Amino acid sequence: MSRATTDDLTAMGTMGRGHLIAAAQSAFRAAEAGEPGGIELGARLLCMAWAEFPVDGALAGQIVRLAGAIPGVRGLLKPEGLRLAARMAQGDGGGNLADVERLFSLGEYEDMARCLEAAASQGPLLPVVRQAMHFQGILSNFDWLERFLETACAPVEAELAELLLAGVWLAAGRFERAAAAYGRIAARCGLPLWGLRQAAALAGAGRTERAMAALASVLKEFPAHVTALLCLDGLAFPPERGARLDGGCAVSIYSYNKADELRRTLDSVLASDLGPDVAEVAVRVLVNGSTDGSLAVAEAARDRFAGRLEVISLPVNVGAPAARNWLLDAALRAGDRWIVYLDDDVLVPGDWLAGLAAGARDFPGAGVWGCRVADVRSPGLTQHGDGFLLPPEEAARKGERLMLAEPCVEVMAEPLLRYRRYAASVTGCCHLFETASLANSGGFDLLFSPSQCDDLDLDLRRLGQGLPAAYLGDVRITHLRESTHFLKLSEGAAAQSRMHRRQLDERHGPVLDALCATQRAVVRADLAARRERLQRAGLLPASS
């Protein structure tokens, strides 16, 4: 195991507890193989992982042990931070409450809340707080968490409560309170681990200069902090929306038996900016042999789109890949230079198309431009963002041949997710292509019918052609289909997913090394360019 694998992982992002733990383990393996600096880097990444979820008592115990062996850990955590980690390790005296997990899995969320409240006064506190943060965090129940931490945790563990409340306030968009709390925590426990979140809160509160100063301090202390670099670059050079998709743009929606969702999707598209300053827009809806009134919904919307909505009705469900290719052919015949695919169950913001247009201007080397996808039940959750291929050895450690990493989905702090960058793949819920380029790549493969993985397959094929994806984190849509945290796949859908995963493995596994090499070159060149322009602007020292 070489240090290169760790560098690949950190280049994908330096956030997300699970992702940071994987990167730390990779660094430790590199150290065992004789790579210099691996122990110190692994310790740092492990400390960063603990800072993301401080109630992980087992991880806190590892941090305390590392502090006794690696002097660098004591540079990351001040004595008070180490004492907090020690208390977390010592207080983790019980396992998870089975009733909480069961009630969550059943969707009995109010009963789960009552169970947590009762358990907080009956046994070891830390395991209860850990489950509360995890499950109620997944639900974005930030008001409940605030009350729970103030009443159950603060009287017993005031410092822990303040740290956890800062995270809740950041996730909930209460940025001023979060910034003040993280400022105290960084001063007391150590800037290196909490400076990023302090900066995110400051940025969310509109205090851009202070946020940039905090990020610059984090990067001075740890130049390889990729997420801090992306955030600083985004604040220093915010995207300008004035771009236009010249040559016509086909907003293309395909639907099958989702009449209510389709209505909501069309309503949100109609309410958005489709004006000529953004693009010359045509909207096409392909209804896939639906039996639930979807066709009537599409036809009823035609008048409201003032003649810009075309409805295509098919007698059967041809599946997502074929529907996408049908819409591509329609765009080509109409002479549309651009095509945007929207799922039939998304809500778009008013400036979504302007955001995609700006992305196409700013990332001209991309083959597809995508966005950030939020969950309809839990708005703090990110379902999809920027996806990266794991190096083969890392995928194998997880029992896979080909696997995507999305560190952003582990993070519930919107100011940290607004960055834009090149990646290997973006979500198919909302993605933009140049029609001729897409057609030249062969479109979507019918092998992945009726749905699932055709968008990922296309992204990887285009990556192999030197056309990476561009993730536009400043464009946020809402998916009306709930996350797999709440919605479990049926047995048939799960079997279909496994089959398509095998097909992806068979197609892309033999060229995975080459795909990862392309991804590595694109990602590192992009990060180097950002670092250079921040240095030219005087925001980072030339040696960083």
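Which residues in α2 meet which residues in α3? On the α2 side they are R17, L20, I21, A23, A24, A27, F28 and A31, and on the α3 side G38, I39, L41, G42, A43, L45, L46, M48, A49 and E52. Contact here means heavy atoms within 4.5 Å. The residues of this contact divide into 14 nonpolar, two polar and two charged. For that count, Ala, Val, Leu, Ile, Met, Phe, Trp, Tyr, Cys and Pro are nonpolar, Asp, Glu, Lys and Arg are charged, and the others, Gly among them, are polar.

Before going on, a word on the model. It is a predicted model, in which local features need pLDDT of at least 70 and side-chain atom pairs count only at pLDDT 80 or more, while totals for chains, interfaces and linings use all residues. Residues are numbered from 1 along each chain as its sequence is written, and side-chain values use heavy atoms, with hydrogens and water left out.

## Helix pairs

Helices (H or I, at least four residues) and strands (E, at least two) are DSSP runs, numbered from the N terminus. Two packed helices are described by the angle between their axes and the distance between the axes. Axes are lines fitted to C-alpha atoms, for helices over the stretch in contact, and angles run from 0 to 180 degrees between N-to-C directions.

| Helix pair | Axes come within | Crossing angle |
|---|---|---|
| α2 (residues 17–32) and α3 (residues 38–52) | 8 Å | roughly 165° |
| α6 (residues 79–91) and α11 | 10 Å | roughly 100° |
| α1 (residues 3–11) and α24 | 11 Å | roughly 60° |

Angles under 35 degrees count as roughly parallel, over 145 as roughly antiparallel, 65 to 115 as roughly perpendicular and the rest as oblique. α2 and α3 are therefore roughly antiparallel to each other. α2 passes α3 in a left-handed crossing, a term used if the near helix is turned anticlockwise from the far one by less than a right angle (right-handed if clockwise).

The axes of α6 and α11 cross at roughly 100°, which makes α6 roughly perpendicular to α11. E80, L84, R87 and M88 of α6 make this contact with E159, L160 and L163 of α11. Sorted by type, its residues are four nonpolar, no polar and three charged.

The crossing of α1 and α24 is left-handed. Here A4, D7, D8 and A11 in α1 meet R520, V523, R524 and L527 in α24. This contact has four nonpolar, no polar and four charged residues.

## Inside the protein

Helix α10 (residues 142–153) has the buried residues F142, W144, L145, E146, F148, L149, A152 and C153. Buried means under 20% relative accessible area, exposed over 50%, and partly exposed in between (1.4 Å probe, protein chains only). The buried residues of α10 pack against α8 (109–119), α9 (125–138), α11 (158–172) and α12 (175–189).

F148 and L149 also turn up in the largest nonpolar core, among the residues with the most contacts inside it, together with W50, V129, M133 and W194. That core has 132 residues. A nonpolar core is a set of buried Ala, Val, Leu, Ile, Met, Phe, Trp, Tyr and Cys residues joined through side-chain atoms within 4.5 Å. Leaving aside neighbours within four places in sequence, L149 is in contact with V129, M133, A154, A161, L164, L165 and V168. A second, separate core of 46 residues includes A279, F305, V311 and V475.

## Loops and the end of the chain

Two residues have a positive phi without being glycine. S140 has a phi of about 60° and is found in the loop between α9 and α10. At 13% relative accessibility, S140 counts as buried. N257 has a phi of about 50° and is found in the loop between β1 (245–255) and α16 (259–271). N257 is partly exposed, with a relative accessible area of 29%.

Is S441 buried or exposed? S441 is buried, at 10% relative accessible area, in the loop between α21 (435–440) and α22 (454–464). Beyond its neighbours within four places in sequence, S441 is in contact with L458, R461, R462 and Q465.

D303, in the loop between α17 (294–301) and β3 (309–314), is exposed, with a relative accessible area of 70%. The C-alpha atoms of D303 and R102 are separated by 48 Å, and the two residues are 201 residues apart along the chain.

S544 sits in the segment after α24 (512–536). Not counting residues up to four places away in sequence, S544 touches P223, R531 and Q535. The C-alpha atoms of S544 and R207, 337 residues apart along the chain, are separated by 24 Å.
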